[in-house]
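Subject: Structure handover

Hello,

Here is the structure for your review. My notes on it follow below.

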Amino acid sequence: CYEHGLELTVENVRKQKRFHPRCGTSFMILMLILGMLAGMLIPDIPFLPVGAKPGLSNVVTMYIAGTMGFSGAVYITLLKALFALITRGATGAFMSFCGGLLSTVSVCLLIKYQGRVFSYLGLGIAGAVTHNIGQLMAACIVSGTFALINYGKYLLIFALVTGAVTGTVLMLLMPRLSKIGGFKYTKKRNE
């Protein structure tokens with residue numbers, strides 16, 4: 001209604017299309033569902049660190065951080081933690097929230113340098129590394145031991161791979177996503 005200069009009434013809202021070209025809600029929901037389903041359905045792979053997942057839902061977090069800012073990305077992090085609470089319990093939710101929040105903070109801080117210093121690939125890697133650090137810290141708190149820090153070297157290697165994948169996915173999706181409300185900082189130098 002606002003964009004068409006109409007008064008905000010139920011009748012006027014009903015006349016509007018449900019899909020809005022500059023709203024990423026449909027994309028956000030689709031990617032969250034796909035990422036969460038992948039997290040549930042992809043079994044642990046024997047040669048990878050226990051619990052290691054591809055982190056595809058982080059594509060949504062990075063996109064939302066770039067379009068809606070920190071508060072939107074934190075909202076996505078909370079939704080992911082709620083999903084983890086439902087599917088994996090309180091410990092899973094705590095670990096999801098800690099990893100997601102640290103990742104969100106780092107990605108939001110780095111977005112202002114995206115294109116000048118960091119590409120989408122760099123954002124993906126930074127987000128994955130900090131996500132694993134946050135989850136590792138949460139695991140240390142839950143277990144009551146800091147011996148789990150030794151597991152960090154394996155998580156770091158895996159984060160480099162998954163971060164590169166999620167950053168590349170975001171880079172490949174950005175030409176299409178920019179049509180519905182693109183990234184705040186889209187000038188890229190090194191991709």
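Of the 191 residues of the protein, 39% count as buried. Buried means under 20% relative accessible area, exposed means over 50%, and partly exposed lies in between (1.4 Å probe, protein chains only).

Some ground rules before the rest. This is a predicted model, where local features need pLDDT of at least 70, side-chain atom pairs count only at pLDDT 80 or more, and totals for chains, interfaces and linings use all residues. Residues are numbered from 1 along each chain as its sequence is written, and side-chain values use heavy atoms, with hydrogens and water left out.

Overall fold

The protein has 6 helices and 0 strands. Both kinds of element are DSSP runs, numbered from the N terminus: helices are H or I with at least four residues, strands are E with at least two. The order from the N terminus is α-α-α-α-α-α. Among contacts with a separation of 6 or more, 68% join residues 24 or more positions apart. Contact means heavy atoms within 4.5 Å. The accessible surface comes to about 11200 Å², and 69% of it belongs to carbon and sulfur atoms. These areas come from the Shrake-Rupley method with a 1.4 Å probe; for residues, only the protein chains shown count as cover.

The largest nonpolar core has 17 residues. Such a core is a set of buried Ala, Val, Leu, Ile, Met, Phe, Trp, Tyr and Cys residues joined through side-chain atoms within 4.5 Å. Tyr63, Leu123, Leu170 and Met174 have the most contacts inside it. Two or more residues each come from α3, α4, α5 (120–143) and α6 (152–177). Helix α3 gives the most, with 6 residues.

Helix α3 spans residues 57–67 and is mostly covered: 10 of its 11 residues are buried. Just after α3, Gly69 takes a positive phi of about 85 degrees.

Residues to look at

Tyr120 is found in helix α5. Tyr120 is buried, because its relative accessible area is 0%. Its C-alpha atom is 9.4 Å from that of Met174, 54 residues apart along the chain.

Ser106 sits in helix α4 (residues 70–111). Ser106 counts as buried because its relative accessible area is 12%. Beyond its neighbours within four places in sequence, Ser106 is in contact with Ala126, Gly127 and Thr130.

Ala164 is in helix α6. With a relative accessible area of 23%, Ala164 is partly exposed. Ala164 and Leu121 are 43 residues apart in sequence, yet 5.5 Å apart in space, C-alpha to C-alpha. Not counting residues up to four places away, Ala164 touches Leu121, Ile125 and Ala159.

Surface and rings

Leu56, Val161 and Val165 make a nonpolar surface patch of about 220 Å². Val161 lies in helix α6. Patch residues have over 30% relative accessible area and no salt bridge; like charges are joined within 9 Å, nonpolar side chains (Val, Leu, Ile, Met, Phe, Trp, Tyr) within 5 Å. A salt bridge is a side-chain nitrogen of Lys or Arg within 4 Å of a carboxyl oxygen of Asp or Glu.

The structure holds 1 aromatic pair. Tyr151 and Tyr154 form it, tilted, at 6.5 Å centre to centre and 55 degrees between the planes. Rings of Phe, Tyr and Trp (its six-membered ring) pair if their centres lie within 6.5 Å; planes under 30 degrees apart count as stacked, over 60 as edge-to-face and the rest as tilted. Tyr151 is partly exposed at 25% relative accessibility, and Tyr154 is partly exposed at 48%.

Best regards
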